[in-house]
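Hi,

Here's the structure I promised to pass on.

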Amino acid sequence: MIHPWRLVRHMRQLELHRLILLLIAFSLASMCFLAYYVTNSPKIKEPPPPPFSDCSSQQRIVVQPQASWRIAKSVDTSRTEPVVLVFVESIYSQLGQEIVAILESGRFRYRTEIAPGKGDMPTLTDKDRGRYALIIYENILKYVNLDAWNRELLDKYCVEYGVGIIGFFKANENSLLSAQLKGFPLFLHSNLGLRDYHINPNAPLLYVTRANEVEQGPLPGDDWTVFQSNHSTYEPVLLASTKSSESIPHLATHKALHATVVQDLGLHDGIQRVLFGNNLNFWLHKLIFVDAIAYLTGKRLCLTLDRYILVDIDDIFVGKEGTRMKVSDVEVSF
């Protein structure tokens with residue numbers, strides 16, 4: 001005969017086991033839902049109102065492609081939303097996070113998407129209005145190797161709405177030493193060691209960056225890429241010389257300057273681009289990146305040249321005895 005108290009204890013154990021199983025199932029379902037949400041949900045960031053004044057005092061000029069001359073055409077920036085579309089390799093990629101960090105520091109609205117090789121391209125228009133004012137590719141090869149349908153769709157959008165593209169090429173051990181960028185009259189020479197960085201004062205995009213400056217000495221790393229082209233659409237922005245005359249065979253001596261960042265004026269296909277032959281680790285690239293955003297968006301997304309310095313002075317009044325500032329110290333400084 002089973003005693004009632006044993007039956008009650010047995011039932012309680014069954015209920016406890018069921019409760020534990022339910023909690024485990026709920027936890028697994030929550031983790032799956034969170035992973036799906038992070039991967040597939042829209043990632044448009046709405047920043048707080050920027051503390052800077054509007055610097056969109058002038059519109060960007062798009063250069064229409066012609067055989068041997070240029071026609072300037074004003075871009076109607078009101079046809080696009082001031083949002084940046086960022087194509088990243090993954091949500092954890094270092095360069096992608098650096099791009100997002102700069103956009104957030106400027107309080108620019110942006111949306112991140114995993115760069116599609118094949119498949120659906122994000123919706124680019126809403127009725128008769130463009131959803132993005134700028135396209136950024138963490139890996140420019142993802143752009144040039146797009147399938148024909150998506151490539152035509154994206155290029156058509158950029159031409160119709162006057163949208164520019166920023167792209168990065170970071171060489172690795174598997175990169176070809178010399179290759180032509182697919183579909184462009186532009187050659188890449190990779191895995192180089194460079195020195196003596198120069199800023200081209202004739203580059204149209206310069207705004208925050210000061211022209212005619214030179215960064216003397218070797219650049220960090222030996223994985224730099226330089227661009228070479230005889231087409232007039234490409235304007236060098238940053239130039240450097242190679243560490244060795246044998247780095248680029250048959251190109252020039254090591255004293256010649258080679259472009260590591262180029263600006264595509266749009267003479268080839270009507271789309272303006274800025275291409276980086278490395279990532280954003282070098283400080284000068286961050287400045288050029290900010291200038292490229294401002295230029296390609298007609299200065300809708302830019303920072304003014306005004307800078308403010310916050311000085312924390314409380315410690316000089318509450319510091320240790322003998323280190324506090326006195327009236328005589330202030331008078332001497334004037």
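Before anything else, one term: two residues are in contact, or touch, when they have heavy atoms within 4.5 Å of each other. Also keep in mind that this is a predicted model.

Let's start with Thr-80, which sits in the loop between strand 3 (71–74) and strand 4 (83–88). Leaving out residues up to four places away in sequence, Thr-80 touches Arg-129, Gly-130, Tyr-132, Ala-133, Tyr-157, Tyr-161, Val-163 and Arg-300. Is Thr-80 buried or exposed? Its relative accessible area is 4%, and buried means under 20%, so Thr-80 is buried. Asp-128 is 48 residues away from Thr-80 along the chain, yet their C-alpha atoms are separated by 9.3 Å.

Now for the helices. Helix 2 (residues 94–105) packs with helix 5 (residues 283–296) at an angle of about 60°, and their axes are 11 Å apart. The two are therefore oblique to each other, and the crossing is right-handed. Helix 2 brings Ile-99, Ile-102 and Leu-103 to the contact, while helix 5 brings Lys-286, Phe-289, Val-290 and Ile-293. Sorted by class, that makes 6 nonpolar residues, no polar ones and 1 charged.

Ile-99 and Phe-289 turn up again in the largest nonpolar core, which has 41 residues: they are among those with the most contacts inside it, along with Ile-136, Ile-166, Phe-168 and Tyr-197. Helix 5 gives the largest share of this core, 7 residues. There's also a second, separate core of 31 residues, including Ile-140, Tyr-161, Phe-169 and Leu-181.

Cheers

Note on methods. Residues numbered from 1 in each chain as written. Predicted model: local features only at pLDDT ≥ 70, side-chain atom pairs only at ≥ 80, totals over all residues. Heavy atoms only, no water. Axes fitted to C-alpha atoms, helices over the stretch in contact; angles between N-to-C directions. Helix = DSSP H or I, 4+ residues; strand = E, 2+ residues; numbered from the N terminus. Parallel < 35°, antiparallel > 145°, perpendicular 65-115°, else oblique. Left-handed = near helix turned anticlockwise from the far one by under 90°. Nonpolar A, V, L, I, M, F, W, Y, C, P; charged D, E, K, R; others polar. Core = buried A, V, L, I, M, F, W, Y, C linked by side-chain atoms within 4.5 Å. Buried < 20%, exposed > 50% of the residue type's maximum accessible area, 1.4 Å probe, protein only.
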